[in-house]
Amino acid sequence: MLRIAGTLCAGLLLATAVSAGELRAQVSAGGRPLADAVVVASAEAPPATTQAGTKTSTIIIDQVNKEFIPYVLPVEAGTSVNFPNRDNIRHHVYSFSPAKQFELPLYIGDPAAPVLFDKPGVVVLGCNIHDWMIAYVYVSDSPYYARTGADGTATLPTLPAGRYTVRVWHPRLDGSEAATAKQLAVPAQGTVETAWEITLKPDFRIPRAPIPGQGGY
Ligand SMILES: [Cu+2]
């Protein structure tokens with residue numbers, strides 16, 4: 001009997017701890033899974049606990065082999081991002097985007113300070129030296145977001161139960177992010193699934209400059 005009571009008790013505790021559901025989103029374009037899409041869920045009654053400017057995690061965008069890694073980084077507004085340069089040549093990172101304008105003049109290794117992204121919006125990153133280097137910081141006004149992997153799936157694992165507006169964004173999304181919005185209810189337990197098939201604009205990324213003596217890149 002004791003053992004049964006113990007199990008029951010643990011079960012109740014677990015139920016209390018996980019009064020959150022999971023949202024699993026599948027994003028595709030042209031019928032194929034789409035990586036680097038950002039799925040954002042905004043609660044209709046957002047919790048009042050989130051405070052911008054208090055994020056302490058050390059999130060980074062690397063510069064490796066003259067590319068930004070990752071290509072798309074979703075963060076919550078108020079997050080600082082560091083931009084270490086792992087190459088043995090200098091990069092010069094900048095953005096002219098309204099959500100964050102900044103410049104990290106020519107450097108190797110760690111820049112002097114991380115960059116605070118405090119305003120929601122899409123921030124396009126470039127490098128003054130290498131025109132093909134481009135990346136995106138998606139600054140979210142909601143703490144609930146995830147990026148799709150190569151399988152086109154994004155999982156938001158712990159959403160407090162309730163009603164949400166969910167949207168998808170991608171660097172090449174043809175149309176507005178707002179137009180992708182849909183409402184759904186997240187249960188206290190279990191998974192809710194949703195999917196988008198989106199249209200992409202052509203890829204205007206600048207090809208990498210050829211390296212002398214090597215073909216292609
Ligand atoms: Cu560069």
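**Notes on a predicted model**

1. Let's start at Asp36, found in the loop between strand S2 (32-33) and strand S3 (38-43). Helices (H or I, at least four residues) and strands (E, at least two) are DSSP runs, numbered from the N terminus. What stands out about the phi of Asp36? Phi is positive there, about 65°, although Asp36 is not a glycine. Asp36 counts as buried because 22 other C-beta atoms lie within 10 Å. The cut-offs: buried means 20 or more other C-beta atoms within 10 Å of a residue's own, exposed means 12 or fewer, and partly exposed is in between, with C-beta atoms placed from the backbone.

2. A word on how to read all this. This is a predicted model, so local features need pLDDT of at least 70 and side-chain atom pairs count only at pLDDT 80 or more, while totals for chains, interfaces and linings use all residues. Residue numbers start from 1 along each chain as its sequence is written.

3. The protein averages 87, and 82% of the residues score at least 70. A contact here means that the C-beta atoms of two residues, placed from the backbone, lie within 7 Å.

4. Now the overall make-up. The protein has one helix and 18 strands. Of its 217 residues, 25% are buried. Take the contacts between residues at least 6 apart in sequence: 66% of them join residues at least 24 apart.

5. Most residues other than glycine have a negative phi, and most peptide bonds are trans. Lys66 is another residue other than glycine with a positive phi, near 60°. Lys66 sits in the loop between strand S5 (62-64) and S6. Is Lys66 buried or partly exposed? Lys66 is partly exposed, because 17 other C-beta atoms lie within 10 Å. Pro70 belongs to the loop between strand S6 (67-69) and strand S7 (72-76).

6. Next, a sheet. Strands of a sheet pair through backbone hydrogen bonds, either parallel or antiparallel. Here, two strands are said to pair if DSSP finds at least two bridges between them. Three strands make an open sheet with mixed pairing, in the order S4-S8-S11. Its edges are strand S4 (59-60) and strand S11 (115-117), each of which pairs on one side only. S4 runs parallel to strand S8 (residues 79-82), joined by two bridges. Ile60 has Asn82 in S8 as its bridge partner.

7. Strand S13 (residues 134-140) deserves a point of its own. Six of its seven residues are buried. Which way does S13 pair with S7? The two run parallel over five bridges, and Val72 has Tyr136 in S13 as its bridge partner. With strand S12 (residues 121-127), S13 instead pairs in the antiparallel sense over six bridges. In that pairing Val122 stands opposite Tyr138. S12 and S13 form a hairpin, with six residues between them.

8. Then the core. A nonpolar core is a set of buried Ala, Val, Leu, Ile, Met, Phe, Trp, Tyr and Cys residues joined through C-beta atoms within 7 Å. The largest one has 39 residues, and Val27, Ala37, Val38, Val39 and Val137 touch the most other members. S13 gives the largest share, five residues. Why does this core lie between domain 1 (20-46 + 144-202) and domain 2 (47-141)? Because both domains give residues to it; their bounds come from an automatic or database domain assignment. Leaving aside neighbours within four places in sequence, Val38 has contacts that include Val72, Tyr138 and Trp169.

9. Last, look at Asn85, in the loop between S8 and strand S9 (91-97). Asn85 is buried because it has 21 C-beta neighbours inside 10 Å. Asn85 and Ile108 are 23 residues apart in sequence, yet 5.4 Å apart in space, C-alpha to C-alpha. Beyond four places in sequence, the contacts of Asn85 are Gln63, His91, Tyr107, Ile108 and Gly109.

Note on methods:
pLDDT is the predictor's confidence in each residue, from 0 to 100.
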